[in-house]
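Hi everyone, thanks for coming. I'd like to walk you through a structure today, one piece at a time, so please have a look at it with me.

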Amino acid sequence: MTEDAMTLIVFSGDLDKALAAFNLANTGASMGMRVNMFFTFWGLAVIEKGGLSRGEKSPMQWLMGVMNRGGASRRKLSRMNMMGAGTKTMKSLMKRYRMPSLEESITLAREQGVRFLACTTSMAIMGLEKGDFIDEVDDFVGAATYLSLAGDGKVNLFI
Amino acid sequence: MEADRKIDCVGFYCPMPIVKTAQAMKEMEPGQVLEVLADDEGIRSDMPAWANKTGNEFLGVEEEPGEIRVYVRKGPG
């Protein structure tokens, strides 16, 4: 049996979209697919450690970093966030229905061999360094790497 | 139906029953049967799809109100 491959571009840093991406990544890995997740632009926040980046930044980059703090636990719903109340409600509903949180989904994905790739161009624009990301990130790459992986993929999604 | 191993996924929604099935099957021998007890309706369609994709054999569903039992036999691997 040839191994199927899936790639996911995680462009959004919204909680709901990140959950959808990890849901598919974890299911794909369970189905024996080789899964690569390419985190770019706002999606980088999902795999940031969440501290304030210590990299050298321009004032604009610094401001962006402060206004858009990284980290899985800080992700908000794309709709109905309601200053955090909506996100809090969604998180408690997910717990009640025994759905894995975003943090748990990330751990599960790693256990299942899902690979995490971070986009270096977005990192440069946002003034982020390798040390700003969780240790689970496998590699720091560009679009050619993504496209080469997507060429082998039967399922390639932009989220 | 007789099963070599059973897992309880009641109260879990997609993708957890499938993830747990894949994890359990890793520890089983070819030819052995796994019973998955679930209450998420999606399992009826998801389990045959999973089995088909992973080279395992979907054996069928037994249903009682609020309980769905699905059976899969581990393939030759």
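This is a predicted model: local features need pLDDT of at least 70, side-chain atom pairs count only at pLDDT 80 or more; totals for chains, interfaces and linings use all residues.

Is Met83(A) buried or exposed? Met83(A) has 8 C-beta neighbours inside 10 Å, so it counts as exposed. You can find Met83(A) in the loop between H2 and helix H3 (85-96) of chain A.

Phe41(A) is another residue to look up. Phi of Phe41(A) is positive as well, near 45 degrees, and this residue is not glycine either. Phe41(A) sits in the loop between strand S2 (34-39) and helix H2 (59-67) of chain A. Because it has 16 C-beta neighbours inside 10 Å, Phe41(A) counts as partly exposed.

Let's stay in chain A and turn to its helices. Two packed helices are described by the angle between their axes and the distance between the axes. For H1(A) and helix H4 (residues 102-111) of chain A, the angle is about 25 degrees and the axes are 10 Å apart. How do we put that in words? Angles under 35 degrees count as roughly parallel, and therefore H1(A) and H4(A) are roughly parallel to each other. The crossing of H1(A) past H4(A) is left-handed. Among the residues that make this contact are Leu15(A), Phe22(A) and Asn26(A) from H1(A), with Ser105(A) and Ile106(A) from H4(A). By class, the residues of the contact of H1(A) with H4(A) are ten nonpolar, two polar and no charged.

On to chain B, where we meet an open sheet of four strands. Its order is S1-S2-S4-S3, and the pairing is mixed. Which strands stand at the edges? They are strand S1 (5-8) and strand S3 (57-64) of chain B; each has a single partner strand, so one side of each is left without a neighbour in the sheet. Ignoring direction, neighbouring strands of this sheet are turned by 20 degrees against each other on average. If you zoom in on S1(B) and strand S2 (residues 33-38) of chain B, you'll see parallel pairing over four bridges. Here Asp8(B) stands opposite Leu37(B) in S2(B).

Two helices lie across this sheet. Helix H1 (residues 16-26) of chain B lies across S1, S2 and strand S4 (67-73), at about 155 degrees to S2(B). Helix H2 (residues 43-54) of chain B lies across S2, S3 and S4, at about 10 degrees to S4(B).

Pro15(B) belongs to the loop between S1 and H1 of chain B.

Finally, how do the chains meet? Twelve residues from chain A and twelve residues from chain B take part in the contact. On the side of chain A, helix H1 (residues 15-30) gives the largest share, four residues. That side has six nonpolar, five polar and one charged residues. Coming from chain B, the buried residues of H1(B) pack against H1 and H4 of chain A, together with S2, H2 and S4 of chain B. Those buried residues include Met16(B), Val19(B) and Met25(B).

Methods
Residues are numbered from 1 along each chain as its sequence is written. Chains are lettered from A and ligands numbered from 1 in the order in which they are written. Two residues are in contact if their C-beta atoms, placed from the backbone, lie within 7 Å. Ala, Val, Leu, Ile, Met, Phe, Trp, Tyr, Cys and Pro count as nonpolar, Asp, Glu, Lys and Arg as charged, and the others, Gly among them, as polar. Axes are lines fitted to C-alpha atoms, for helices over the stretch in contact, and angles run from 0 to 180 degrees between N-to-C directions. Angles under 35 degrees count as roughly parallel, over 145 as roughly antiparallel, 65 to 115 as roughly perpendicular and the rest as oblique. A crossing is left-handed if the near helix is turned anticlockwise from the far one by less than a right angle, and right-handed if clockwise. Two strands pair if DSSP finds at least two bridges between them. A residue is buried if 20 or more other C-beta atoms lie within 10 Å of its own, exposed if 12 or fewer, and partly exposed in between; C-beta atoms are placed from the backbone.
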